[in-house]
Structures are given as structure tokens and as C-alpha cells.
Amino acid sequence: MNTILNNIFQSVSEDADTFNRLFYHFLWAAGIVFLLVMGATVYVILKFRVRKFTKALKPEPKMQWLERATIFLASGIILLFLALTIMAVTDIQRQPEKGQQADIVIVGHQWWWEIRYPEEWVMVANELHIPTGKRLWVRLESADVVHDWYVPALGRKADMVPGVTNYIWMQARKPGVYEGACNEYCGAQHAWMRIRVVAHSPQDFGQWINSQQELAKTPSSAIAEKGKALFEEKVCGNCHAIRGTKAVATVGPDLTHVASRKTLLGGKYENNFENLRAWIANPQGMKPGAHMPNFIMTEKEIDAIAAYLYTLK
Ligand code: CUA
């Protein structure tokens, strides 16, 4: 199984910087207040402790100035943080220029991500590739229930609500792999709705887009050829698309370049022949609850389909 460690304080975007700054301001202020309150509590316990009740306690003289000072201080801190929060939220929610189209469209599905590049006519699943240096305007949608897109290093999180279109800014200042996960409980496999974002330099991104724009490779071996025929015959194409073949449905992930991805099943497994084969043979065993049916095929048929899909680099 594939493990992803997520550092939520990693940042390669202005928006994530803003969040981190706000968080650390809160942390410092809360830490100082905590120490002051604990210190005062210990001081009062020691100073006013009574070993034996031999006589009536004398009331302490009133310290109204101290009461007033703490009320003002506490209110001041709350107002300051209210202002800092409003400034951060306003900054992050700024709108793009009028008429700007989304650079990327991401649709949450139970339990995978559909990713489209409308300008480039490219469609992939689960692994988002982006160019560095550009602030991307990203449209978020849902195909079924509420999901939540969250890759901490790249900016804010946002819900994907059925029937509603949300937008976020996304940015990566330097190349790298940034990880995230669905952040809203969306059913049985919510935990395996991971996100893998690969940020490339603009040239590398251009190459990647070109490779994804190509139609699916034609099978070069007999077994892959048989796999392609089975893929079409066994109605896999009722849910999946492989551009360049008869399969054009978009219910499940686009498989045109499935073998070029690093992971399978929303980040649950490494993408290799064995896992791909095991998935086709027994979907419920690999990802219980997943919407892919078991077509009950012979071992040889499964081998052929897996061999075909694994050639789709
Ligand atoms: Cu999708 Cu949780």
C-alpha cells in the first residue's frame, strides 16, 4: 500500500504563506497568554494558600485596575486577530480579471479525482500536473457527494459541492511533488482519495501536456491486442475512455495514459502490473465500496486486459 506523509506547513504558494503566517501569529499569542494565565494561577495558589483554618479569611483589597487591564488586553487581542483573519481571507479570495477562464477543472468523484485542462483538451485522473510560476485559476465541481480539495503547500482548501461551482487559486513556486487528500467525509473510501500534484518547470509541463494529448498507443503485442478487444467487448468502455479507441465514456477515470501514472485507485496502490491486474480481477478486494463492478473473467482474459492497459504510457 502506498503511504503519503503530509506536511501541512509546507508552502510553495503565496496563499499558503498567508495561512502559515496567520497560524504562527495565533500560536505565539496563544502561547504567551497561556504562560501568563498559568503563571498567575501558580502565583495565586502559592500566595494565598491556607494551611489551617484557624480564623476567618480576610477579604483582599479590590484590584479593579487589574481587572480592567485584563479585559482590555483580552478584547484587544481578539480584535487584532479578527482584523488579521479578515485581511488574510480577503487576500486569498481575491477575484481574477473579468472573463478569465479556468486553467484547470477538477471534479470530485467517489473516490477519485477527474482533472481536465480545457484549453489543452487533456483529461487525467488523480495526479494533477501543473506548471510552476503561474497562478492557476481552478474550478472545483462534484459528480456525486461533497468532497474537499486540499493540497496544503499549494494554497487553500475548498469544498466541492454537487450543483455548485467553486474556484480557488493554485500556485507552485518550485518544481516538486506535493501531496494532499480529500478533506470532507464522502463515503467508504474517503481515506483513499489522495491527491498527488506534480509541479513541473514550464518547459517540462509543455512536454507532459503534449504526451497526454496523444491518442492511446496501438497494441504492439498479441496479448495487448487481445486485451484491447476484450476491453471493448466487456463493456469497460461504458465507464472509461481511451482516446483513439471506441471507449469514450467519462463515468470512471480516463485511461488513455493510465500507465504513465504513479499510483492507482486514488493513491492507494503503486501503479504496477500486479496491482492493475488484481484490481481488474477483484475490485472489491482492492478497494471495498468502489463503484467498479467485477466482470468475472477468466485468468487469461484478465491478463490480456491488464497487459493492454499497462502499455498505455
Ligand atoms: Cu472525497 Cu472524502
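Ser142 is found in strand β5, residues 136–142; strands here are DSSP runs of E with at least two residues, and helices are runs of H or I with at least four, numbered from the N terminus. The model is a predicted one, in which local features need pLDDT of at least 70, side-chain atom pairs count only at pLDDT 80 or more, and totals for chains, interfaces and linings use all residues. Residues are numbered from 1 along each chain as its sequence is written, and side-chain values use heavy atoms, with hydrogens and water left out.

Is Ser142 buried or exposed? Ser142 counts as buried, because its relative accessibility is 13%; buried means under 20% relative accessible area, exposed over 50%, and partly exposed in between, with a 1.4 Å probe and protein chains only. The side chain of Ser142 reaches the backbone nitrogen of Asp144 at 3.1 Å, and a polar atom of that side chain lies 2.5 Å from the backbone oxygen of Val145. Leaving aside neighbours within four places in sequence, Ser142 is in contact (heavy atoms within 4.5 Å) with Val107, Gly108, His147, Met160, Val161 and Pro162.

I turn now to the helices. Helix α2, residues 64–92, has 29 residues and reaches 42 Å from its first C-alpha to its last, close to the 42 Å expected at 1.5 Å a residue; that expected span is 1.5 Å times one less than the number of residues. Which residues of α2 are buried? Phe81, Ala88 and Ile92 are buried in α2, and the cover over its buried residues includes α1 (14–47) and β8 (166–170).

Ile32 is found in helix α1. Ile32 counts as partly exposed because its relative accessible area is 48%.

Key. A polar contact is a pair of N or O atoms within 3.5 Å; within protein, one must be able to donate a hydrogen and the other to accept it, and residues adjacent in sequence count only if both atoms are side-chain atoms.
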